[in-house]
Each structure stands twice: as C-alpha cells, then as structure tokens.
Amino acid sequence: MSFVLKKVLISDNVDPSCRQILENGECGISVDYKPGLSKEDLLAIIGNYDGLIVRSATKVTREVIEAATNLKLIGRAGTGVDNIDLEAATERGVVVMNTPGGNTISAAEHTCALICAVARNLPQGHHSMKNGKWDRKKFMGIEVLGKTLAIIGLGRVGREVAIRMQSFGMRTVGYDPLVPAEIASQFGVEFMELEQIWPIADFITVHTPLIPATRGLINDATFAKGKKGVRLVNVARGGIIDEDSLLRALESGQCGGAGLDVFVTEPPTNRALVDHEKIVATPHLGASTTEAQLKVAQEVAEQFVDAAKGKQLAGVVNAPYLTNALTPEARPWVQLAKRLGQLARALLGSPSPSSLTLTLPKSAGGYKDFLLPATLVGVLGSKVTCSLVNARQAAKKSGLTGSVCVSDGNEDAGCRVVVVECATSEGVTVRVEGVVLGCKAFVVAIGDQKIGQFVELEGKLLVVEWKKAELVGVVSQVKDAREVVMCESGDMVLVRCGEGGGGELVKGASKTTQICFQ
C-alpha cells in the first residue's frame, strides 16, 4: 500500500525544511506553500492536492474535506488534531497523521515553567516592576518542594513533566486510562483514579486530547472535591478545564492560581479569565521553540515521503492499525485478504453480499485489525471506492456486516490458511481459501473444490465451472492462457491469462467468472 502524492499543499507556517524534504524525497512531489489562506481560498484550490500539511491555524472542516476530491493524506505538524474533522476524513478514506514526538520536550518544559510561574507569581512581579513598583509582600508565593503534582494524561509530555518536577522535590501522582499502574511507576508516578487525585493535589496539570470524555474534565464539581488553593496548568487543549468554573474558583479562592497556554477560543474572548490577577497566560506557546518547529516540520515531511514510497505510515490518528499494515511481514497478508475478497465477490455474482466472515490462522491473528478492512475493500471494490481507512464505514453503508475470528485449525499442512466466506440475505454462500507463500498470495480452494497446484492471485484469472471439464476444451476458448490448473474434482478449471487475454464465457461451462486483480 502506497500513496500517489503528486501535489502537496502546506497551508500553515512551518519550517522550510518540510518543503525541502518533500521535494527531495525522490517521489515526484510538487509542493505549494500558501500559509494564511482564507476559508474561501482553501475551498477553491484544495481539490488540486493529494496531500495537506497544517499546524493549528488551518481548520480542516468537513466542508474542506468534501471539496478535497483528490486528498489522501493530512499531516498535522504537531500533536493536537482538533482542528481536523476526523470523522469526515475517515469517511472519505483520508489518512490523518500527527507528529506527537516532535514537540514533547518543548511542551513539557513550558508546563514546568508555568508551574513555577504560578507558584511564585513571577509574571505578576515582573509586570509590577515594569510599572516602577516594588511590591515584595504582594506577590508572596509557595515552594513546590514536597507538594503533590497530579498529572492527568501520562503520555509523552506527561512523563517528561513528571521526571522534571520530581527533580524539584514534588510528589507525582497521575491517571491515564491507557497507561497501567506498573508502567507509570517506572517513571516515578503513583497511579491513582481521578476521585483519589482531586482531594490530595496541590497542583494539577492536564495532558490529554480534547475529546468528549475530557471536555470540561475539571469543573465546579472537581473544584469542590479538591484542596482549597489548588493550582492548575493547561498546556494541552482549551476546554479540558471549564473556563467559567475556573473563574468562579479563582474568585472564591478555591483555586489559588492557574497557568493557561490554551483556550476554548483562540485568541481568547473570555477577558475576565485572562485578565484575572491569579492567571498566568501565554498565547499557545507550548510548541513554540525553534527546536520543536524544526522537528515537527521534518517529521511530517518524512512521514509523507515514507507513505509515498510505501515504506510505513507513522503517527496515524484515525486508523492507527495502518502503522502495522505496511510492515514487510504484513503486506502479503493484506494483499491476500483483499484479493480473496475480490475473488469471493466475483464468484458470488450479481446478488450483493450481506455478510462476510474472515477466518485467520492463529499465527496471523495479530493482523486481524487491518485484515478485515482489507477483505472488505476487496469485496466492495467493484461497487464502492474505499480503502483500509474507511472500509468499515463503507461496508456499513452498503449493508454489509463483517466479522473476523482466529482459528487454531487453519495451519493446513504447514500453510497458514485464510478463509473468506461471503453470503447474501437469500442464503447464497461463497467460500474461498488462500495462503501466503513467500511474498505472494495464492488461492488453494474454492468452496469444496481443492486446488492441488496453488494458483497465484495476480493479473487476470478465469474460474471455469464445468462438469468433468476437459482442459483442451477450456484452453482452446481462452485467449492468451498462461497457466491452467484443474481442481482435484475435475469440475473446475482456473486459468491465468495475459493482460489482453481471457474470455467472458467458455462454451460448455456452467459458469465462467473473470477477475482482474490489481
């Protein structure tokens, strides 16, 4: 699986190295650098591009994605993708990638700086000095030594924050639904549930994506459960801390201060919050370092080049299983699943399938997350344009249900057999079986017809059903027959043809099915 990327649009300010890597990647990519486009201008030109690279300024809405008729990849030079409509991208089969590693250190350092700034009222003291004042008593702060820092979200940034603030003598506790307690302990964080964290935290810092489960995570109810004077930091995404609740907590003294780098609306319109004397505010600077911008620009460009070359897909947000689907070990299995799907659909004929079952050998069970979509692509391909990204959604719209199971019994004679079974609502069923040998896909059985000499699923294939077929009679009617194999029962013949060969109907046959594998 590779992506044809002829033209890529960079619509936000990124380091020049991004364009250089794309153009020098030996993939024939043409790059247009047009930061600051209006919505109307973007809509007018996006249909010309195969790839789009953004930071956070460009809003890649459903309207934009629907206008992007050739779009295959969206790359986010950074971590957060809340400016991209992931649902719309997935429906259209567009891969969305981010670069979570590029700005990790910058975001962590900015978090630590805000923790210290909130603890010691540094910006307030600075501003006072600039105004010619000398207010030592007014800006009394607290030490962070011995205080409890709660880290909500223990991914890359959360971990780096923990390590740095432990050196200040802080006790670090944290929560992340995806990180087990034993992993958290490896970087010095005591894992706790949220309800255990709120009453003990002196400082809380959030490092989660903005999703329905985290929107307004810290609110009036949360503040009511916490220590009086708790301090908060948000360098992740605006909206995780409810801004109105935060303002009320600041005014009541329940919150002793907060450091905010992100806001629900940017630039922020809630001036009462931004201007509050206990707020340290920065204009979304978490990733604004020379080093971070260089890293994310280079990383997203390298991801595009790798995708164009079919080497790998890193940082996929809306279909993470694709990262493993492009490994050298997995590619032949993806091809096998897709082509067995094509074969089953072709043999089924005009009735549309209503169900599909994929059975994998135990040794290929780890591939099930992307082999089912690959099979669906094969089954739907003749009627619906879809990819590994949106195959499940396309199948649902087409009324096709798909399921996958792993069986211990599919290690046939040392071959790892994959079985695809399609059925219609009327009860018509087709079953095909295949294997991977070397790096190639072969069919080994069609229904109860065993194929003694395996046939490669490549190029143009004719399946001729004929009671006690005579090979000479079949071959004489097929143009440019390259390989002819009779099933063990003698009732079916498989013919691989040259590009210009084949035949729609073999006389005397009960059924002729022609498939072109791509």
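Leaving aside neighbours within four places in sequence, which residues is Gly257 in contact with? Let's start there and then look around the rest of the chain.

## Gly257 and its surroundings

Gly257 is in contact with Val118, Val230, Arg231, Leu232, Leu250 and Lys278, once neighbours within four places in sequence are left aside. Contact here means heavy atoms within 4.5 Å. You'll find Gly257 in strand β11, residues 255–260. Strands (E, at least two residues) and helices (H or I, at least four) are DSSP runs, numbered from the N terminus.

Is Gly257 buried or exposed? Gly257 is buried, because its relative accessible area is 1%. The cut-offs go like this: buried is under 20% relative accessible area, exposed is over 50%, and partly exposed is in between, using a 1.4 Å probe and protein chains only. For a sense of distance, Gly257 and Glu63 sit 194 residues apart in sequence and 40 Å apart in space, C-alpha to C-alpha.

## What kind of model this is

This is a predicted model, where local features need pLDDT of at least 70 and side-chain atom pairs count only at pLDDT 80 or more, while totals for chains, interfaces and linings use all residues. Residues are numbered from 1 along each chain as its sequence is written, and side-chain values use heavy atoms, with hydrogens and water left out.

## The whole chain

The protein chain has 18 helices and 24 strands. Its C-alpha trace spans about 105 × 45 × 35 Å along the principal axes. Of its 518 residues, 52% are buried. If you take contacts between residues at least 6 apart in sequence, 62% of them join residues at least 24 apart.

## Ser11 and Thr58

Ser11 sits in the loop between β1 (7–10) and α1. It counts as buried because its relative accessibility is 2%. Beyond neighbours within four places in sequence, Ser11 is in contact with Lys34, Pro35, Gly36, Leu37, Leu52, Ile53, Val54 and Thr58.

Thr58 is in a loop too, the one between β3 (51–54) and α3 (62–67). Thr58 has a relative accessible area of 9%, so it is buried. Not counting residues up to four places away in sequence, Thr58 touches Ser11, Asp12, Leu42 and Asn83.

Which way does the peptide bond from Glu266 to Pro267 go, cis or trans? That bond is cis, with omega near -5°. Pro267 is in the loop between β11 and α12 (271–274).

Two residues other than glycine have a positive phi: Glu26, near 60°, and His284, near 55°. Glu26 lies in the loop between α1 (17–23) and β2 (30–33), and it counts as exposed because its relative accessibility is 74%. His284 lies in the loop between β12 (279–281) and α13 (290–309). With 26% relative accessibility, His284 is therefore partly exposed.

## Spaces inside

The second largest pocket holds about 1,000 Å³ of space. It is lined by 41 residues, and the closest to its centre are Lys338, Val377, Gly381, Cys386 and Ser387. The elements giving two or more residues to this lining are α15 (331–348), α16 (368–380) and β24 (511–516); α15 gives the most, with 8 residues. On a 1 Å grid over the protein atoms alone, a pocket is an open set of points with protein on both sides within 12 Å along at least five of seven lines, a cavity is a set where a 1.4 Å probe fits but cannot get out, and lining residues have an atom within 4 Å of a point.

A search of the whole structure finds 2 cavities of 30 Å³ or more. The largest cavity has a volume of about 50 Å³, where volume is the space filled by probe spheres set on the points, and points are joined across faces, edges and corners. Its lining includes Trp198, Ile204, Val230 and Leu232. Val230 and Leu232 are also among the contacts of Gly257.
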